[in-house]
Amino acid sequence: EQRTILDMPLITRDPYSLTLLSPGVIASTTRFGGFSANGTREKDNNFMLDGVDNNDTDVPGGGSGLSPLNPDSTQEFRVITNNFAAEYGRNNGAIIDVITKSGTNQIHGDLYWFGRYDVTGARDFFNHDPGTPKNPYERNIFGASAGGPIIKDKTFWFANYEGNRFITTLTNVSSVPNAAFRTGMFNAIDPDTGDSVPIDVSTPNAANNGIGFALDPTIQKILALYPTPNGAAIDNATGLYYFPSSDRFTSDNFTVKIDHHIGEKNTLSGRYSFVRYSDPNTGYANFLPSGLGGVS
């Protein structure tokens with residue numbers, strides 16, 4: 001129930017991560033980021049919200065269904081991994097059944113904000129080398145909830161908004177040409193002797209310029225886009241270049257629900273959920289700080 005969910009140390013405030021506490025459930029290692037229940041595929045899970053289908057039929061396999069809730073808008077969270085009742089069909093994986101919170105006769109509300117920053121954290125496993133910069137990050141999760149009566153003992157309302165603003169910077173590394181290579185005068189390794197041999201192709205009449213061409217102006221413009229190495233040399237022509245690659249993940253989640261008690265055994269409910277997110281550089285694929293190869 002909600003009190004238990006709110007008291008749990010959910011580092012990302014994602015109640016769907018509680019599925020991993022169920023026996024037979026493990027996190028999947030695919031790009032979908034979902035989970036496997038009793039050996040089934042992540043695409044075989046069935047997500048339900050207030051008793052209604054909440055599955056992403058376009059790209060199934062994620063860990064939270066099509067329209068996820070946060071802990072403050074979740075009233076009940078249930079995971080069923082076997083012995084399904086007849087009301088649960090569709091898939092043979094786990095059933096993730098979530099109920100949205102409702103208002104009560106008393107007006108209640110809250111504001112919340114959670115922050116995590118690299119200044120208070122240690123280096124992670126992939127960023128342990130003291131010779132490289134520490135990867136900075138910011139995690140800001142904020143929101144508000146409110147609920148109350150429209151007609152006492154009869155009609156109730158509830159609303160919640162939550163925003164996520166994550167800035168994560170990783171250290172990428174690329175091989176780039178050094179300053180000597182750009183001029184056409186550099187050292188090369190003789191494959192037969194292993195000795196370092198000076199090479200000069202800087203001008204049409206240079207000693208090693210067998211074709212008699214000058215340095216190509218188009219290639220020179222391309223080389224100008226590359227920074228010079230700031231790390232160890234790879235060979236006589238190239239070196240390592242370390243640079244920060246940043247991603248700014250943002251999401252907004254809004255839920256509003258109205259309940260009307262028709263009688264002792266019947267309730268009419270209406271819920272509207274809105275989810276929007278942006279994750280422009282999730283793979284940190286750019287191979288230069290200018291954004292080439294990805295988004296920075």
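This report covers a nonpolar core, a sheet and a pocket in a predicted model.

Residues are numbered from 1 along each chain as its sequence is written. Local features need pLDDT of at least 70, side-chain atom pairs count only at pLDDT 80 or more, totals for chains, interfaces and linings use all residues, and side-chain values use heavy atoms, without hydrogens and water.

**Core.** A nonpolar core is a set of buried Ala, Val, Leu, Ile, Met, Phe, Trp, Tyr and Cys residues joined through side-chain atoms within 4.5 Å. Buried means under 20% relative accessible area (1.4 Å probe, protein chains only). The largest core has 14 residues. Tyr16, Phe35, Phe77, Ile96 and Val98 touch the most other members. Strands E2, E3 and E6 each give two or more residues to this core. Beyond four places in sequence, Phe77 is in contact with residues including Ile5, Tyr16, Ile96 and Val98. Contact means heavy atoms within 4.5 Å.

**Sheet.** Strands here are DSSP runs of E, at least two residues long, numbered from the N terminus. Four strands form an open sheet in the order E4-E3-E6-E5, with mixed pairing. Two strands pair if DSSP finds at least two bridges between them. The edge strands each pair on one side only:

| Edge strand | Residues |
|---|---|
| E4 | 52-53 |
| E5 | 74-80 |

E3 and E4 run antiparallel, joined by 2 bridges. Val52 in E4 is the bridge partner of Leu49.

By class, the lining of the second largest pocket has 3 nonpolar, 9 polar and 3 charged residues.

Key: Buried means under 20% relative accessible area, exposed over 50%, partly exposed in between (1.4 Å probe, protein chains only). Ala, Val, Leu, Ile, Met, Phe, Trp, Tyr, Cys and Pro count as nonpolar, Asp, Glu, Lys and Arg as charged, and the others, Gly among them, as polar.
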